Amino acid sequence: MKIEILPEIKGEMPNDDVLTKFYETIQVLYNEFSTVPEFGSKIEVDIFKFIFEFTMVDKVYSYDGEKLEIKLVYEKTKEII
């Protein structure tokens, strides 16, 4: 079975550096620990001493008989500059 993880950020999109580190965090969790973040969890992205916090606000699973899609929806909840 194929598993596709679809992270999404609601609202204003962060810059490319923040997005890359955000996606890498989710990828490491899946590749190294065979898990995805749970509902309500937070991801902190530290870029050049700026901290961006994203909180998962929704998690949706869909299965079409061949592929499981896991949609992880986050909102930026804190920005420390």
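Which backbone oxygen does the side chain of Ser41 reach, and at what distance? The side chain of Ser41 reaches the backbone oxygen of Glu38 at 2.7 Å. A polar contact here is a pair of N or O atoms within 3.5 Å; within protein, one must be able to donate a hydrogen and the other to accept it, and residues adjacent in sequence count only if both atoms are side-chain atoms.

1. **Ground rules.** Please keep in mind that this is a predicted model, where local features need pLDDT of at least 70, side-chain atom pairs count only at pLDDT 80 or more, and totals for chains, interfaces and linings use all residues. Residues are numbered from 1 along each chain as its sequence is written, and side-chain values use heavy atoms, with hydrogens and water left out.

2. **Around Ser41.** Ser41 sits in the loop between α1 and β2; helices (H or I, at least four residues) and strands (E, at least two) are DSSP runs, numbered from the N terminus. Ser41 is buried, with a relative accessible area of 12%. Buried stands for under 20% relative accessible area, exposed for over 50%, and partly exposed for values in between (1.4 Å probe, protein chains only). Leaving aside residues up to four places away in sequence, Ser41 touches Phe54, Thr55, Met56 and Tyr74, a contact being heavy atoms within 4.5 Å.

3. Helix α1 covers residues 16–33. At its start, a side-chain oxygen of Asn15 comes to within 3.0 Å of the backbone nitrogen of Asp17. Just after α1, Ser34 has a positive phi of about 55°.

4. Val18, Leu19, Phe22 and Ile26 are buried in α1. Seen down the helix axis, the buried residues fall within an arc of 110° (taken from the directions from the axis to the C-beta atoms), so they line one face of α1. On the other side, Asp16 and Glu32 are exposed. As background, an α-helix has 3.6 residues a turn, so residues three or four places apart point the same way.

5. **The sheet.** The 4 strands form an open sheet in the order β1-β4-β3-β2, with mixed pairing; two strands pair if DSSP finds at least two bridges between them. The edge strands, β1 and β2, each pair on one side only. β1 and β4 run parallel and are joined by 9 bridges. Leu6 stands opposite Lys71 in β4.

6. **Helix on sheet.** The buried residues of α1 pack against β1 (2–10), β2 (42–47), β3 (50–63) and β4 (67–80).

Methods. The expected span of a helix is 1.5 Å times one less than its number of residues.
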